[in-house]
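Welcome! Take a moment to look over the structure below, and then we will walk through a few of its features together.

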Amino acid sequence: MARKQFKAESKRLLDLLINSVYTHREIFLRELISNASDAIDKIYYKALTDDSVSFDKDYYIKVAIDKPNRILKVSDTGIGMTKEELDDNLGVIAKSGSMIFKNENELKDGHEIIGQFGVGFYSAFMVADTVTVISKAFGSNEAFMWESKGVEGYTIRPCEKDSFGTDVILSIKENAEDEKFDDYLEEYRIRSIIKKYSDFIRYPIKMDITGRRLKEGSEKEYEDYTEEQIVNSMVPIWKKNKNELNQDDYDNFYSEKHYGFDKPIKHIHISVEGAVSYNAILFIPEKIPYDFYTKEYEKGLELYSNGVMIMNKCAELLPDYFSFVKGMVDSEDLSLNISREMLQHDRQLNLIAKNIKTKIKNELDNILKNERDKYEKFYKSFGRQLKYGIYSEFGRNKDVLQELLLFYSSTEKKMVTLDEYVSRMPEEQKYIYYAAGESNERIEKLPQTELVADKGYEILYFTDDIDEFAIKMIATYKDKEFKSVSSGDLGIEMEENKSCSGSDNQNYQELFEQMKNILTDKVSNVRASKRLKNHPVCLSSEGELSIEMEKILKSLPTNQHVKADKVLEINTNHEVFRSLKEAYEKDQEKLKLYTDLLYNQALLIEGLPINDPVEFTNNICKIMK
Ligand code: ADP
């Protein structure tokens, strides 16, 4: 019989699992039991939707220990696997296997992977040196045995099995220096692992439990006896009362379901009875899933109809801007046979979705108000998604989301909400000021911020691509308009500056006109600056599109031609301006040289590329000579 090779990626993962020093090896049992439970679910679901199938047999999961032979066996009476299914399902990693190896640097130890992907069945190799799977598929009369000793590959051969279902048989490893594998052959230990991770599995998990009792007829002599017992409570966690549950229960559920490898910052347990009745457990994660900001990421909640899972990612239940939320919804009011197409129009489901949206929003409000540190962690991961939510659908959702935004503040030196900003605004301040740039450090040094900062006004720093676009959607917050520090009119009345730069523009009109001619269509205007104090030049923009927005749009393949209307602002109080004036009066070549230098400096400050770096450096050399 031919030995088959695992697919390359599975092989590497196996190797990793077998050799990793993972501290939670015990989760292998959770994985196997959850597979067994899924397999029974599949028959249950069939029976509910297909009249020719009934669900009247005894459905259970059995965990058996054979200590002398070092065998741990997990059996189920579920749907089983055909020969092909054994090959397909156990020969490759089921869950986005190829993604696992995208980032080699993260592969230092298996920890992240095991948590992040729930490597499922493969985790058996963390405790076993041989894994044997005997399975008979529902409705078939043949059984097959799959067997593997790890990376070398696996074999599949026909075998005997009475009833349909699957036995997963683990040959537990010998004790190693740093790991007591014997533990996994101890009844007590296995039972407590089941209790810890799988208590809420809906089907009975049976074990032969050893007890001690007085021998019959004797008053002193004891004997051991074994008795099959159900070791899990079988009530799904979401049907339990909140006060029967503790944080660990929710955290375990989160990892059992592979919602994420982090610890969620919050869970929301909802039980609603009324126009529509449902239970839900939702989680707000702390960390970004590896694929969150990619096309591959699928949002959605698990959807159950009265305890039976009917869909594992129901997208209709979550708005895009809350796509990071994980969890499940169980409702008695949904039909089992509901199809994806029907879901969109299902009244009950829409009600649930609306309700869930409000609950999430309220919970985020609460965290923001009462647990600021936690909120900031969350925001670091998912703030972008909220901002994206404001921007998309033409700002339709801005009212839900704008209070949840945080931006770095120039005066507070920390993240602040728009509410906090507005509440600090002095009476005469007209606008909410912001400055966009690559990082807080770079924005801090932007000459454009000088006047606003000098006035003592707070500036919000926009460092995310999406920031300025989202803010344009909001437009006003509590009747205050947003204003970029680079925009034409800052709305700051600086008497001395205003009159002087106004008349400056008249005085030097010809000079500025000439500079504009020198720069041709690179700028739409040259004028005296009202905002500069210590720097000689800067760029500002006129019109809707800012320079930062132009940068971002230009980085997208479809927007190569967008252009902000740039204005070159000159500080007429700066020493350099005197030289400029002199050149204008005496030496046209020099004026051209200075204009070019100043323009390129302004570009550099903005973080924009200069057109001709060689010419620029040559020009600098010229004035040094
Ligand atoms: P996952 O459960 O995340 O899909 P696994 O590696 O744990 O990944 O399992 C791969 C597949 O093998 C499952 O999706 C299922 O189709 C099949 N499988 C595993 N265990 C069983 C079982 N006890 N009964 C039936 N099918 C099973």
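Predicted model: local features only at pLDDT ≥ 70, side-chain atom pairs only at ≥ 80, totals over all residues.

**The cavity**

- The structure contains one cavity of 30 Å³ or more, and the volume of the largest cavity is about 70 Å³.
- Which domains supply its lining? Domain 3 (406–484) and domain 4 (495–624) each give at least three residues to the lining of the largest cavity.
- You can find the lining residues of the largest cavity in your viewer: Ala436, Leu446, Glu468, Ser484, Ser486, Ser541, Ser546, Ile547, Glu548 and Glu606.
- Sorted by class, that lining has three nonpolar, four polar and three charged residues.

**Two residues with positive phi**

- Arg70 is not a glycine, yet its phi is positive, at about 55 degrees.
- Look for Arg70 in the loop between β1 (61–66) and β2 (71–76).
- Is Arg70 buried or exposed? Arg70 counts as buried because its relative accessible area is 16%, and the cut-off for buried is under 20%.
- Asp479, also a residue other than glycine, has a positive phi near 65 degrees.
- Asp479 sits in the loop between β18 (476–477) and β19 (480–484).
- Asp479 has a relative accessibility of 77%, so it counts as exposed, a label for values over 50%.

Notes:
Residues numbered from 1 in each chain as written. Heavy atoms only, no water. 1 Å grid on protein atoms, 1.4 Å probe; cavity = no way out; pocket = protein on both sides within 12 Å on 5 of 7 lines; lining within 4 Å. Points joined across faces, edges and corners; volume = space filled by probe spheres on them. Nonpolar A, V, L, I, M, F, W, Y, C, P; charged D, E, K, R; others polar. Domains from an automatic or database assignment. Helix = DSSP H or I, 4+ residues; strand = E, 2+ residues; numbered from the N terminus. Buried < 20%, exposed > 50% of the residue type's maximum accessible area, 1.4 Å probe, protein only.
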